[in-house]
Amino acid sequence: MTLASSPRVREYSPHDLSTRRFWSQPFEARDETFAALRAADGLSWHHPMPTMFPMEEPGFWALTRRADIAYVSQHPELFTSARGIALDPMPFEVQQIATFFLAMDPPQHTTYRRLISSAFTPRNVHRIGEQIQKNAVAVVDDLVGAGDVDFVAACSSRLPMLTITEMLGVAPSQREAVAKAAEKLFSMSDDEYSSLEERAHNTINEMMLLSNTGIELAKYRRSHPGDDLMTSIVNAEVDGHRLTDEEIGAFLILLSSAGNDTTKQTTSHAMLALANNPAQRDWLAQDFESRIGPAIEEFVRWSSPVLQFARFVTEDSEIAGQQIKAGDKLGLFYCSANRDETVFDEPHAFNLQRSPNPHLGFGGGGPHFCLGNQLAKAELRTLFRELLTRLQPIEFGEPDLLLSNFVHGIKRLPAHIR
Amino acid sequence: MRVEVDLDKCTGHGICESIADDVFEVQDDGTVLIRENERPDADRERMQQAVTQCPAAALRLID
């Protein structure tokens, strides 16, 4: 009997995924470990991730191949989100506040998702195209001739922040604060954002700040309805009831974090990759309108802005020949799926002409596939059109990387813009 | 050839609409509406793409 098929043997893998040291390596170095796991039989069992909460878990199975992650994502009845989706051990009540309907299964998940999904349909994203265009132009106006800047602050972070906060109806004076709080919430693992002792406390604080912003905004929209997402949220009913303040606060946390950080990180990673691959940059710029569609898929595959989410097994089952038990935790490493050599030729090459490009940058399919994928693509398309047609090639310095096992982040990116 | 959607699976991601917006439209309730289920053979490649790329595996082609 092989190790992989034995239900009782559960030895920790010699490949370490669970320390700060592992995640402090760059993406490419980490993928050497993921490549070894992808090539091995079955699944590998790992020590629990570090946690800031007083919780003990035995560990998790690492899913590293694209096919396995897609299978789990598309079978929510076997692999639940309703016990939490954070790979770091985290109390479920905290996860409920921070991730809201991400930590639900159908049909409950479907009910909440539909409350906001209309804002993210292709037609409704198209409707706000002009607003995205106006904001993208303004962002790039400020970049022309800017000289030495931090590209993250000067560019990457701006369009997603303007877009999602305008959709929500957040007042212009509060937009920066909301985006900053959302960024901090998912960057706590980095010492720059929080010391070890303060991490749990600060996480709760940022969550409360965002939640209260949502509740205040809801109060205002109940008496002053507008044409925005918050107005639809306060008017929505679930099973004949209006949403509670807690639920509205949770919506704001989810939308402000999911709507900001992901597209921001993709913008930084993709600009850096284009600068490092000038032939690809030129190829894209030569026929932007017909080439940007597939190029964006490669931007997202390359960036893999969300590194992982977790699931729990609901009944004894099998993945890739590996016996798994009800109650086991699974880590879905999208970052690894997006470098799976059985799916992508030369997975470590940035190739805008890659076709097909079945990356898992928006998740592995199923009910939790990224709701904002159309919005993200519209933002990237509009912003990169401005960046590539109006600016001289930008010179970049070394990126300052975020230490995180969840967000593939660049904190700062020195740039010289002529 | 017919293209059909399983509304129990459809979560309205809109990938199909971005491939063929004359055929698929995600409604405000988050489910997809198919305008003409019967597709000419010339449309096979596009429909196949929509089926393959549906993240919820909610679409299928019937000959």
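Modeller: Leaving aside residues up to four places away in sequence, M271(A) touches F151(A) and I394(A), where contact means that the C-beta atoms, placed from the backbone, lie within 7 Å. This is a predicted model, in which local features need pLDDT of at least 70, side-chain atom pairs count only at pLDDT 80 or more, and totals for chains, interfaces and linings use all residues. Residues are numbered from 1 along each chain as its sequence is written, while chains are lettered from A and ligands numbered from 1 in the order in which they are written.

M271(A) is part of helix 13 of chain A, residues 245–276. Helices here are DSSP runs of H or I with at least four residues, strands are runs of E with at least two, and both are numbered from the N terminus. M271(A) counts as buried because it has 24 C-beta neighbours inside 10 Å; the cut-off for buried is 20 or more other C-beta atoms within 10 Å, with 12 or fewer for exposed and partly exposed in between, the C-beta atoms being placed from the backbone. F151(A) is 120 residues from M271(A) along the chain, and their C-alpha atoms are separated by 9.5 Å.

Next comes a sheet of chain A. Three strands form an open sheet in the order 4-14-11, with antiparallel pairing; two strands pair if DSSP finds at least two bridges between them. Its edges are strand 4 (147–150) and strand 11 (395–396) of chain A, each pairing on one side only. Strand 14 of chain A (residues 414–417) pairs with strand 4 of chain A over 4 bridges in the antiparallel sense. Within that pairing, V149(A) has A415(A) of strand 14 as its bridge partner.

Chain A also has an open sheet of 5 strands, with order 1-2-10-7-3 and mixed pairing. There the edge strands are strand 1 (44–46) and strand 3 (79–80) of chain A, and each pairs on one side only. Strand 7 (residues 308–313) and strand 10 (residues 329–333) of chain A are antiparallel, joined over 5 bridges; K329(A) in strand 10 is the bridge partner of F312(A). Helix 3 of chain A (residues 66–73) packs on this sheet, touching strand 2 (60–63), strand 3, strand 7 and strand 10 of chain A, and its direction makes about 125° with that of strand 10. Such angles run from 0 to 180 degrees between N-to-C directions, with axes fitted to C-alpha atoms, for helices over the stretch in contact.

Note on methods:
Contact = placed C-beta atoms within 7 Å.
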